[in-house]
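This report looks at side-chain contacts. Please view the model first, then read on.

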Amino acid sequence: MFTKKEQDPKNPEAQQKNNQKYSKSQFAESRQFSRMEKDILAAVLLEQETYTLQEAQEHIQQFMNGEAQ
């Protein structure tokens, strides 16, 4: 069974990486997201805001769930 890996509170470098924020244009250039995911992010993210990877993934999920209804 797979479990989510817990963050090590003693490792601030790992926490900083998870909390790092990126701009809309940085997500557009990212290799971490598929073409479709990049298109969704281009549509839903604001140009002047920055987002964590988790926030971006949440926006993708919200968009996908909204389209399915």
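Is Glu47 buried or exposed? Glu47 is exposed, because its relative accessible area is 53% and the cut-off for exposed is over 50%. This is a predicted model.

**Salt bridge**

The count of salt bridges comes to one. Lys24 and Glu47 form it through their side chains, at 3.9 Å from N to O. The two partners come from distant parts of the chain, 23 residues apart. Lys24 sits in helix α2, residues 24-29. Glu47 lies in the loop between α3 (35-44) and β2 (50-51). Lys24 has 19% relative accessibility, so it counts as buried, since buried means under 20%.

**Aromatic pairs**

A pair of aromatic rings is described by the distance of the centres and the angle of the planes. The structure holds two such pairs. Both values are listed for each pair.

| Pair | Centre to centre | Angle between planes | Class |
|---|---|---|---|
| Tyr22 and Phe27 | 5.8 Å | 65° | edge-to-face |
| Phe27 and Phe33 | 5.7 Å | 70° | edge-to-face |

Why is the pair of Phe27 and Phe33 edge-to-face? Its planes stand at 70°, and planes over 60 degrees apart count as edge-to-face. Ring pairs join Tyr22, Phe27 and Phe33 into a cluster.

Phe27 takes part in the pair with Tyr22 and in the pair with Phe33. Phe27 is buried, with a relative accessible area of 2%. Phe33 also counts as buried, at 7% relative accessibility.

How values were computed
Residues numbered from 1 in each chain as written. Predicted model: local features only at pLDDT ≥ 70, side-chain atom pairs only at ≥ 80, totals over all residues. Heavy atoms only, no water. Phe/Tyr/Trp six-rings, centres within 6.5 Å; stacked < 30°, edge-to-face > 60°. Buried < 20%, exposed > 50% of the residue type's maximum accessible area, 1.4 Å probe, protein only. Salt bridge = Lys/Arg side-chain N within 4 Å of Asp/Glu carboxyl O. Helix = DSSP H or I, 4+ residues; strand = E, 2+ residues; numbered from the N terminus.
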